[in-house]
Amino acid sequence: MSARAAARLESLGFSEVFHYGAGKQDWFAYGLPREGQETHTTWAVDVLLRDVPTCHLGDLTGEVRARLPAGWTKCVVVSNEGVVLGLLDERGLESGPERAVEQVMEAGPRTFRPNVSQQRVSQYMDDRGTDMALITSPDGKLMGVLRLEEVKGR
Amino acid sequence: MPMVIDRDEVRRLIQVGAQLVDVLSLKEYERAHLPGAIHIPLKDLGQETPARLRMDTPVITYCYDLQ
């Protein structure tokens, strides 16, 4: 739509017209300033934890478990490019140290865009009885997570 | 043909005074938009548009994503 708008502006005589292809979904995904009614709504991107433990499909669960930072009971499975592929939860981590992450992870976990309200993500975690939600960029890359304990503590 | 630009280039152009045009619906615009953006839906772009924008300053259009 904005490509057509840019072309139309050019046809109207504007000489320097640019088209921000990725649009506001991309802008908001990176937590850049916004105006409008939702300026005072807390979005996921405003409160997410960016320092999140990650692992890869071929890693062994025993190794992943050993390097998991204190306080973390899950690990996000990502590709070399950082795209979310799965989630290794408590059950996967306890499934046996020699098993590959790919065999025991939850494939295709639910993810949220960073411009979703914190309240909506929190409600999802409450409804599903889970304590963590993944936040990804428009191209599927892990941006961070929201954890119920921090969200409830706010 | 208008050049497609990325987030970094948008930020750079804003710093030099570029005008941002949000072409989404009014509801979407009012919900959230880029700082300083004005709202001109695609269907409203026409002969009267030059009166709403400066002709001698870069203009950046955007919508939600690659739609």
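Student: Which element gives the most to the lining of the largest pocket?
Tutor: Strand 7 of chain A, with 3 residues. A pocket is an open set of points on a 1 Å grid over the protein atoms alone, with protein on both sides within 12 Å along at least five of seven lines; lining residues have an atom within 4 Å of a point. This is a predicted model: local features need pLDDT of at least 70, side-chain atom pairs need 80 or more, and totals for chains, interfaces and linings use all residues. Residues count from 1 along each chain as written, chains are lettered from A and ligands numbered from 1 in written order, and side-chain values use heavy atoms, without hydrogens or water.

Student: Which residues line that pocket?
Tutor: Among them are K74(A), L87(A), Y124(A) and M132(A).

Student: L87(A) again: what stands opposite that one?
Tutor: V76(A) does. Strands 3 (75-78) and 4 (84-88) of chain A pair antiparallel over 4 bridges. Strands are DSSP runs of E, at least two residues; helices are H or I, at least four. Pairing takes at least two DSSP bridges.

Student: Which strands share that sheet?
Tutor: The order is 2-3-4-5 in chain A, open and mixed. Strand 2 (54-55) and strand 5 (106-107) stand at the edges with a single partner each, so one side of each lacks a neighbour in the sheet.

Student: New topic. Which residues are buried in helix 1 of chain B?
Tutor: R7(B), V10(B) and L13(B).

Technical notes. Buried < 20%, exposed > 50% of the residue type's maximum accessible area, 1.4 Å probe, protein only. 1 Å grid on protein atoms, 1.4 Å probe; cavity = no way out; pocket = protein on both sides within 12 Å on 5 of 7 lines; lining within 4 Å.
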